[in-house]
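Here is a short briefing on aromatic contacts and backbone angles. Please view the model first.

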Amino acid sequence: MESFIFLGFGLDAWITIVTVLGMFSILLFTKWRSDTVFLGAIGVLYVTGVLDAKEAFSGFSGTSVITVGVLFVVVAGLMHTGVLQCIVRYLLGTPNSYSKAVTRLMLPVAVLSSFLSNTTVVSLFVNIVKMWSKKLNVSPSKLLIPLSYASGMGGVCTLIGTPPNLIISGLYEENTGVAMNILTTTIPGLFCLVIGVLSVIAMRRLLPDRKAPESAFESTGDYTVELQVPSDNPYIGQTLGDAGLYHVKGGSLIGMYHFDNIPLPVTENEPIMGGDHLVYAGQIDDLIEMAYNHKLVSSDHHVFSMSELDNSSQLRTAYVDFGSRLIGTTIGGSSFEKDNNLVLAAVSRRGERINEAPRNVVLQAGDTLLFVCPKHINVDTSSLKSALHFFDSDEVPNIGYGTIISTVIMITMVALSALGVLPLLQCAFLAAAAMLIFRCCNMEQAMRAINWEILMVFAGSAVLGVAIQKTGIAEWLANGILDVCGTNPLVVMTAVCFVGTFITEFISNTAAGAMFFPIMYNAAEKLGYEPFPFLVALMISVSSSFATPIGSPTHMLVYGPGGYRFSDFMRIGLLMNLIILAANIFIVNIVYPLTPLQ
């Protein structure tokens, strides 16, 4: 194996290259779970002998991975004691201009994202922003992209704010024996955040003005419903017109199916047969009255209005994520409703109700679905999480004494780590234990809060970084960058950060950080400079993905609620990428001047 050389790479390097390219192709073009894909990549590298057992599974025992896992418990304590909800309630207010509204939104979100999971913060704010936008008479699409941007820019302000910061700082400590401070990226991050907020305000005309998808569901009096003609219906044999089922009060007939489920042209002269399905759109109260008078029944026991819901049922809104297994399928063509104890009531696309039977709609990413479901449905089951994202949580936080305790625990954890009293991992363990001891969350809530898929991706990314460095790929790429960019350290730093910024538009920022760490580290050492400032710039770059909705999980969270199109992110995001890149390089070299190696 060692004697095999092709284009300067040995067999181990080519196996790594093919594995990495294959892995990202699968993530981009299939609906496979990301943790499964990363675990498969680790398996390939181990089985082929590229990595030994210790190297292949080093990611799972790395301090940065364990830190992330423990921090999930800390966040659970903050969530269940209502800390985040209290912050939201008193921060937004009623600004009298768009500029003030963006500032009032982005700054608190960025601060929260500096210490908490970005996706947690955005999930909490999405519904708040939708209601807030109505109060301000602003389209939600003008505020939801800034919301997502703020979470990303805030995340880079501390080491615990975003996974790439933890993984890059962890790898740096392994290579140098020197631990980064939890506030290492705070000043550069805050500078980029201010530039980002000003840029969003200046480029607000590039933000789309879309109709919110949930506006189609705002009134329970406006639904697209599907009714069925029972076999004993007295109107069987009559035409739609004669039976009074063609022209109806408060709505219109938009579709009809016989027993063979083949769509029929909707005319007054179409005869009615037992088992027919009639699809109406309009005011629900009038349609229910019509159904009662004409002895029609709900198709598949659908519930059509809040008045029909009993104390154990509720209406919940969900969004179809990118990568969802429901994309390209219909709810009626699967057992999804039965398996998850849900009933689909309506479908909206980009804020417009679809005039088709909801269960026959071929779903797309970003579609908004309205479900009737049990009052206390668990939306965190693997089946639902792989298909839909529910925003309106049915868990009501217990705001009170625990709110103050969990806040003190969080502040103490950050302070102890920032002052160097204890390492970050030890601080996180103590904070998690305190959350449980003081009952900010119980053991079950803590375990449910741990996102094992994220941990698997995090560990897998670290292993990929090891393989890229061990096989010489990182050194080869570093030499290639130096050949193209010369020996000017600022040019090299900018080039690597530029590529990292745009690569992370298509792959996980965690994976991008792990992949580019050895490249940036080797390039800095070959230039004869301390890698520290290069890596700080890299941290900010791989978390600065603004141009595509798949560039960040938070972008996907706002994509459906904002009624966005894929191109909406590119209009403002490409410029944001370049602006934040320039701000990043500028501020990092002021705060952390380049230092020659001793």
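Phe191 is partly exposed, at 27% relative accessibility (buried means under 20% relative accessible area, exposed over 50%, partly exposed in between, with a 1.4 Å probe and protein chains only). The model is predicted: local features need pLDDT of at least 70, side-chain atom pairs count only at pLDDT 80 or more, and totals for chains, interfaces and linings use all residues. Residues are numbered from 1 along each chain as its sequence is written, and side-chain values use heavy atoms, leaving out hydrogens and water.

**Aromatic contacts**

- The structure holds eight aromatic pairs (rings of Phe, Tyr and Trp, the last by its six-membered ring, with centres within 6.5 Å; planes under 30 degrees apart are stacked, over 60 edge-to-face, the rest tilted).
- One of them joins Phe191 and Phe586 in a tilted arrangement, with 5.8 Å centre to centre and 35° between the planes.
- Phe191 sits in helix α11 (residues 186-202) and Phe586 in helix α25 (residues 566-591), so this pair ties together parts 395 residues apart in sequence.
- Helices (H or I, at least four residues) and strands (E, at least two) are DSSP runs, numbered from the N terminus.
- Phe586 is partly exposed too, with a relative accessible area of 48%.
- Tyr172, Phe532 and Tyr592 form one aromatic cluster.

- Lys295 is not a glycine, yet its phi is positive, about 55°.
- Lys295 lies in the loop between α13 (284-293) and β7 (297-298).
- Arg439, also not a glycine, has a positive phi near 60°.
- The loop between α17 (424-437) and α18 (443-449) holds Arg439.
- Arg439 is exposed, with a relative accessible area of 76%.
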